[in-house]
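Here is a short report on one protein model. Keep the structure open as you read.

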Amino acid sequence: IAEMTAMAGGEPGGPNPEDFVYSEEDFVLQAAGWGDPDSTPSRFDQVLLAGWSDRMERGLFRYRLEPLPTRVLPGPVRLVAQLNEQRSAERRPPQPVRSLRDPFDPGAFNFTRLRPAELLFRLRRTRGPGPPCDPLLVAINASPLERGHVLLLPEPARRLPQVLTVPALRGALEAALLSGHPGFRVGFNGLGGGASVNHLHLHGLYLDRPLPLEEAPAEPLGPRLGLLRAGPAPAFLFFAPGPAALEPVSRAVCRAAEHLGGAGLACNVLATRGDPPAGPGAGGGRGLRVLLWARRPLFGPKAGEPFAVALCELAGLLPLPAEPLYRDITEVQALSAIRQHLLPERELLQLGGELARLLEN
């Protein structure tokens, strides 16, 4: 049975979070259904949410997160709008990013500067399939989108820039399998794709509603790749039916992301519980769907944009900064804001062919 143990070591004078030690036996292969998402919180969920709530009560966030006004925009895509005025007003301003290859800047804000109390625990696997993951620090996101919004940090002392790596993604996918909640998702915003800190990190958060991209069928592009058109933006789809597939899927996603960077494109990644690529009626159990969005990079705010576009918006969740926008925005307006960052259909399909060939080799 996995257990919490005190972590040994760490940076001199730095924080010493506890280890959350787990093995393959701790993976929740079938999360709770949406009819009763809170029926079986896993040990991971219990520890994360208890620590998160404790930090909220202690005033370690930039604002107190109350239940957010939420509505589904009328229209076929069923975009979910949320009003989060405090995040817009009180979050740390995003770092200026000049290129897809910006190096880590020790003079800018980075996660070595987190207060010790902002760290919840360190994820460390003892045994299981594939090579061991690098430990991941789990820290609060001080400007949360939702209850339980955390940062997944691969050894901040290494000072890696915000470029996705196989060990980091593999550890984040394992974190997704440690949750028993159907709406715990993990994601990544690349440079030029909405990343606000150029220091390697992923996000983990609980979204208390299903999304169309969990079950919609994808068009096959190759044996390991599909094109998913559900939601506001088409994405390349990878699928891990179980723990043994996490390593090859992580490698495939990172190879694809590297190819995008070489082509001058930014990326966003989201992992969610979901059906096999052919959809729920095609047989096979649910696993992890990993979505990769390719997009035109954006450096700095774009004048006239109603909201910034990062992984949540691409997945269909719109955290909006002002009440009039939340009240009045239409699906057509929201989709227009999102899709201006995407590739034309012809370029998207050409890129899909390149990725399919890359992953076959």
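The lining of the second largest pocket has nine nonpolar, six polar and seven charged residues. This is a predicted model. The table sets out the lining by class.

| Residue class | Residues in the lining of the second largest pocket |
|---|---|
| Nonpolar | nine residues |
| Polar | six residues |

**A loop residue**

Glu25 sits in the loop between strand 2 (18-22) and helix 1 (43-57). Is Glu25 buried or exposed? Its relative accessibility is 59%, so Glu25 counts as exposed; the cut-off for exposed is over 50%. The Glu25 side chain makes a polar contact with the side chain of Ser23, at 2.5 Å. Gly264 lies 239 residues from Glu25 in sequence. In space, the two are 41 Å apart, C-alpha to C-alpha.

**Helix 7**

Helix 7 covers residues 331-339. Its buried residues are Glu331, Ala334, Leu335, Ala337 and Ile338. Seen down the axis of helix 7, these buried residues fall within an arc of 160 degrees, so they line one face of the helix. In general, an α-helix has 3.6 residues a turn, so residues three or four places apart point the same way. What do the buried residues of helix 7 pack against? Their partners are helix 5 (311-315) and strand 15 (317-320).

Notes:
Residues are numbered from 1 along each chain as its sequence is written. This is a predicted model: local features need pLDDT of at least 70, side-chain atom pairs count only at pLDDT 80 or more; totals for chains, interfaces and linings use all residues. Side-chain values use heavy atoms; hydrogens and water are left out. Buried means under 20% relative accessible area, exposed over 50%, partly exposed in between (1.4 Å probe, protein chains only). Helices (H or I, at least four residues) and strands (E, at least two) are DSSP runs, numbered from the N terminus. The arc is that of the directions from the helix axis to the C-beta atoms. Contact means heavy atoms within 4.5 Å. A polar contact is a pair of N or O atoms within 3.5 Å; within protein, one must be able to donate a hydrogen and the other to accept it, and residues adjacent in sequence count only if both atoms are side-chain atoms. Ala, Val, Leu, Ile, Met, Phe, Trp, Tyr, Cys and Pro count as nonpolar, Asp, Glu, Lys and Arg as charged, and the others, Gly among them, as polar.
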